[in-house]
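Here is a friendly walk through one protein model, from the overall fold down to single residues. Have the structure open beside you as you read.

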Amino acid sequence: MEVITHVPAAEPTANDLAAIDTEWPLITAELDKLDAEITLIYAEDHGGPSPLDWRRLRRAEARVTRAAADLAHRATDPQRAA
């Protein structure tokens, strides 16, 4: 019989919430990219994606790249983390 010695907290800690808040711009950028990808998939069944659909995907990909770079820069620059 195995005894459980560690039970995770039911609520996120202040540090957990701070980490989510720090990563939120990247999370939203990734969600926007996912939405653009879903739009392309849907468009395949309805005449194909438009130039606007492709532009939306490219812009979403660029936002993900910028958000990831900003997050990485914040992780290495304590002045920006605050």
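## Contacts along the chain

Let's begin with how the chain meets itself. Among the contacts in the protein with a separation of 6 or more, 55% are between residues 24 or more positions apart. Contact here means heavy atoms within 4.5 Å.

This is a predicted model, in which local features need pLDDT of at least 70 and side-chain atom pairs count only at pLDDT 80 or more, while totals for chains, interfaces and linings use all residues. Residues are numbered from 1 along each chain as its sequence is written, and side-chain values use heavy atoms, with hydrogens and water left out.

## Overall make-up

The protein has 3 helices and 0 strands, and its elements run α-α-α from the N terminus on. Helices (H or I, at least four residues) and strands (E, at least two) are DSSP runs, numbered from the N terminus.

How much of the protein is buried? Buried residues make up 12% of its 82 residues. Buried means under 20% relative accessible area, exposed means over 50%, and partly exposed lies in between (1.4 Å probe, protein chains only). The protein exposes about 6,700 Å², and carbon and sulfur atoms supply 59% of that area. Accessible areas come from the Shrake-Rupley method with a 1.4 Å probe; for residues, only the protein chains shown count as cover.

## How α1 and α2 meet

Two packed helices are described by the angle between their axes and the distance between the axes. Helix α1 covers residues 14-44 and helix α2 covers residues 51-76; their axes come within 8 Å and cross at roughly 160 degrees. That crossing makes α1 roughly antiparallel to α2. Axes are lines fitted to C-alpha atoms, for helices over the stretch in contact, and angles run from 0 to 180 degrees between N-to-C directions. Angles under 35 degrees count as roughly parallel, over 145 as roughly antiparallel, 65 to 115 as roughly perpendicular and the rest as oblique.

The crossing of α1 and α2 is left-handed, meaning that the near helix is turned anticlockwise from the far one by less than a right angle. Which kinds of residue form the contact of α1 with α2? They divide into 13 nonpolar, 2 polar and 11 charged. Ala, Val, Leu, Ile, Met, Phe, Trp, Tyr, Cys and Pro count as nonpolar, Asp, Glu, Lys and Arg as charged, and the others, Gly among them, as polar.

## Residues to look at

Leu57 sits in helix α2 and counts as buried because its relative accessibility is 9%. Beyond its neighbours within four places in sequence, Leu57 is in contact with Lys33, Ala36, Glu37 and Leu40. Thr39 belongs to helix α1 and is partly exposed, at 24% relative accessible area. Leaving aside neighbours within four places in sequence, Thr39 is in contact with Asp53 and Arg56.
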